Amino acid sequence: MALPSYTTTSQRIGWYSFLTYCGLVFFFLIAPIFIILPLSFSASPFFEFTREFMNFEPEAWSLRWYRQMVGIASVGDTTVVSNKWMLGTRNSFIIGISATFLATALGTIAALGLSRPNMPFKGTIMAILISPMIVPLIITSAGMFFFYSKIGLTHTYLGLILAHTALGTPFVVITVTATLTGFDTNLIRASQSLGADTMRTFFKVIMPLILPGVISGALFAFITSFDEVVVVMFVGSVEQITIPKQMWAGLRQETSPVILCMATCLVALSIALLTTVELLRRRSERLRGIKLRN
Amino acid sequence: MFRDKIMNETTAGSILTTEGIPLKVSLQKAERRNKIRAVLLVAPLLLFILFTFLIPIGDMLLRSVDDSHINTVFPKTFKEYKKWDRQDLPSEELYKTMFFEVKESEGYAIGKASTRMNYAKSGWKSLLKKSKRKFKKIEEGPYKEQMIAIDKKWANMEYWKAIGVMVDATTAGYYLNAVDLKYNVDKEVVRQKENRRIYNHTWFKTFKVSVLVMVFCLMLGYPIAYLLSTLPLKYSNLLMICVLLPFWTSLLVRTVAWMVMLQQKGVFNNLLVMSNIIADENRFKLMYNETATIIVMTQILLPFMVLPLYSVMRTISPNYMRAALNLGASPLHAFWKIYMPNSVPGISAGCMLVFILAIGYYITPELVGGKDGQMIGNWIAYHLKTTLNWGLCAALGAILLGVMTVLYWVYNKLVGIENIKLG
C-alpha cells in the first residue's frame, strides 16, 4: 500500500516497522509448516538440516522415508508391505468419512431447525450443540472412556465414529447456520405455493443454496476427525491405529523421519481442503451477494 | 409485538378464518406447529450429543464423588462400624464381620477396594493383600487376636479410624486431593504432605500459561488483524490464507514442525550458531520446557485470536480515525482513543476463545512441555491412563470443566456463541 505524499518521516518509519512486524508474525504462523517439507526428503535419520543437505549433495537427499511410509522395502522392489502408516491411513479415512457423513447429516438438519425464527431456547440449545468444540478433548475423552466402556463401545470402530461425529457436528452447525442467516425464506414459500412438497423443496430449493456451507462444514468435520488423537488413544484399542495416533507414537518412542513424510502429506491435504473451502466461500458470496465472513 | 397487538384487538372474536375459527386460535395453532417442526429438526442432533457427549461427561462428574464400590465389598462391616465409639480398638464383633467379608469377597473386588482404602490411609493395600492370603488358615474365632497376630496393623487405631472416611457412598475426597488437601483419619480436612503438593502448583501453571498465551496471541494477532482489515480485499484474502492454513493443518504436524525448529540442533539454534550470535555450546534450551509450551501454543491458537479481531475490525469505519487525525490528534493518540475502544468486542472475543481453548490443552504440553511444561490436562491423562485413580482424574476434570463452563457462559453472553468464526 503506497503512503500518501504528505506523510512525515516518522510516520513512514512507523508504518514500515509495523509492516515488518506483521511480516514476522505471518512468518511465525507459516514457517513451521513449510520447514518440514524439505526435511522430509533428507536421507538423515534425524530431524535436522545437515550441511550436506543444505549444499544439495545428491546422497543427502532421498525418498527413502517416503518409500518406508508406503511400505516399499527398496528401490525397484514393487511389493508393498503393509505397515502401521498405511493401516493408519486406511483407518483414518474409514473413521473420518463415516463421521463426516453422520455429522453433516445431523448438523445440517439441526441448523435448519435452529435457523427457524420460532425455535424455542435457541441460545441454550446452540450453546449445547457447540460445546463439543469447546470442552477440552482430554475431558471429553475421559468421559467417553468411562461411559463407552460401560456400554461396550470402547475398542470398536462404531465408538470412534460416534465420538468423532460428536466432535465434528459443531463445525457443521456453525457453517450451515452462517449460510442460512442470509437465506430468503420467501423462496421456500414460493416453492410450496407452486406445489412442491417438503422433500422436494428441501432438495431443489434449500439444498443448492446452502450447499457451500454444508460442504465447508463437512470438510471441517472431516479434518477434525482426521486430526483427532486423544479420543482415539483412550476410546480406541491398541490395534486401532490412525495417522495421528501413529504420529504420536512415533514422536514419543522412535522419532523416525517417516513422521515428516506423513506430515508433508497432511499439509498437502490441508492446503487442498482450505483451497476448496475458500473457493466455495467466494462462490457463495458471489452468487448471493452475502458475506459468510463478516 | 405488532402481531400481539393485532391479536389483542381481535380477542373480541370479530375476525374469523374461513373455517370459522377465531384468527387468534388459528394463528397460535400454526405457530405451535412451526415450533414443533423446528424442535423436531434439532432433536436428532440434540439426542445424539446427549448420548455420545453429555451423558459421558455427566458420568465422569458422578465418578468424581462416587465412593460406592467399597460399600458393596464391606456392607456388613460398614454397618457394624457405625456402632464403634472410635475411642478404643473395635469390638470382636467388628473384627469378625471384617474377617468374613475379607475372606469371602472375590480377590478382584478386594483389590479394587484396597486401592481406594490406600488413598485414605496408605498401608491398607498391603494389609488387605496379606490378610486375604492368611485368613484362609483361620478356621474359628475369636478372630480379633488371630487377625492382630497376622499383622499388627489390625491393632492400629489409625487404620480403623480411616474407614470412617469411606463409610458414605459419596465423597468429596477426590476434590480435596485435586487442590492438595485431604481428609485425615478423623475426616478433617488437612493439607497434603509437603512432597505430595502438586496440583495447586499445576493449576497455577495452567492459568499462567493460558494467560501468557492469550497475551502473546493478542500482541501478535492485533497488528495483523488490523493490517488484514485495512488492506484491500484482494490482498487481505491472500494473507488470510496464511492465518487459515495453520488452522487447517494437523495439530500434530504443527507440533512436529516446532520440534524441528526448536530442538537443540534445530533450525533456530542452528541459525543462531551459524550467524555467530551464540557459541555452539551455548545453544538455547527451547524444547521440552515451559517456554516451548508457550511458544507452540501461541502459534497454534493465534488464528483463534485473529479471526474474531478481524471480523470486528472490518466493521470499524476508517473515517473515525481520519476525523480524529483531522482534529489534531497524533496517530498514536487517535488509535488509543478511537480505534482501540471500537475494537474491544473483538479483543474480548479473541482473548476469551484463546483462553478457553488454552486452559484444557493436553497434546502440545505433553509433546513439547517436558517436565515443567505440564498442565492440568496432562495430569488428567496421567491418572486416566497410568495410575488408574479415576476418581481423582474425574475430580480434576470436573474442576476444569467448571472453570470452562463459567468462561463459556460469559463468552456466550458477551459474544454470542453463534458468532464463532471459522474463517
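User: How many residues of chain A are in contact with chain B, and with how many residues of chain B?

Analyst: This is a predicted model, in which local features need pLDDT of at least 70 and side-chain atom pairs count only at pLDDT 80 or more, while totals for chains, interfaces and linings use all residues. Residues are numbered from 1 along each chain as its sequence is written, and chains are lettered from A and ligands numbered from 1 in the order in which they are written. Two residues are in contact if their C-beta atoms, placed from the backbone, lie within 7 Å. On that criterion, the contact joins 79 residues of chain A to 77 residues of chain B.

User: What is the make-up by class of the side of chain A that touches chain B?

Analyst: Ala, Val, Leu, Ile, Met, Phe, Trp, Tyr, Cys and Pro count as nonpolar, Asp, Glu, Lys and Arg as charged, and the others, Gly among them, as polar. The side of chain A that touches chain B therefore divides, under these classes, into 64 nonpolar, 11 polar and four charged residues.

User: Is α1(A) parallel or oblique to α12(B)?

Analyst: Axes are lines fitted to C-alpha atoms, for helices over the stretch in contact, and angles run from 0 to 180 degrees between N-to-C directions. α1(A) and helix α12 (residues 233-248) of chain B have axes 9 Å apart and an angle of about 50 degrees. Angles under 35 degrees count as roughly parallel, over 145 as roughly antiparallel, 65 to 115 as roughly perpendicular and the rest as oblique. The relation of α1(A) to α12(B) is therefore oblique.

User: Which residues make the contact of α1(A) with α12(B), and how many of them are nonpolar?

Analyst: α1(A) contributes A:Phe26, A:Leu29, A:Ile30 and A:Ile33, and α12(B) contributes B:Leu239, B:Cys242, B:Val243, B:Leu245 and B:Pro246. By class, this contact of α1(A) with α12(B) has no polar and no charged residues, and the nonpolar residues number nine.

User: What is the handedness of the crossing of α7(A) and α9(A)?

Analyst: Within chain A, the axes of helix α7 (residues 157-181) and helix α9 (residues 198-227) come within 8 Å and cross at roughly 155 degrees. That angle makes α7(A) roughly antiparallel to α9(A). A crossing is left-handed if the near helix is turned anticlockwise from the far one by less than a right angle, and right-handed if clockwise. The crossing of α7(A) and α9(A) is right-handed.

User: Why is chain A more spread out than a compact globule?

Analyst: The secondary structure of chain A comes to 12 helices and zero strands. The radius of gyration is taken over C-alpha atoms, and the globule rule is 2.2 Å times the number of residues to the power 0.38. For the 294 residues of chain A the rule gives 19 Å, so chain A is more spread out than a compact globule, its radius of gyration being well over that value at 24 Å.

User: What is the radius of gyration of chain B?

Analyst: Chain B has 20 helices and two strands. The globule rule gives 22 Å for its 423 residues, and chain B is well over this, so it is more spread out than a compact globule, with a radius of gyration of 32 Å.

User: Is B:Asp180 buried or partly exposed?

Analyst: B:Asp180 lies in the loop between α10 (173-178) and β1 (181-183) of chain B, and its phi is near 65 degrees, a positive value in a residue other than glycine. A residue is buried if 20 or more other C-beta atoms lie within 10 Å of its own, exposed if 12 or fewer, and partly exposed in between, with C-beta atoms placed from the backbone. B:Asp180 has 17 such atoms within 10 Å, so B:Asp180 is partly exposed.

How values were computed: Helices (H or I, at least four residues) and strands (E, at least two) are DSSP runs, numbered from the N terminus.
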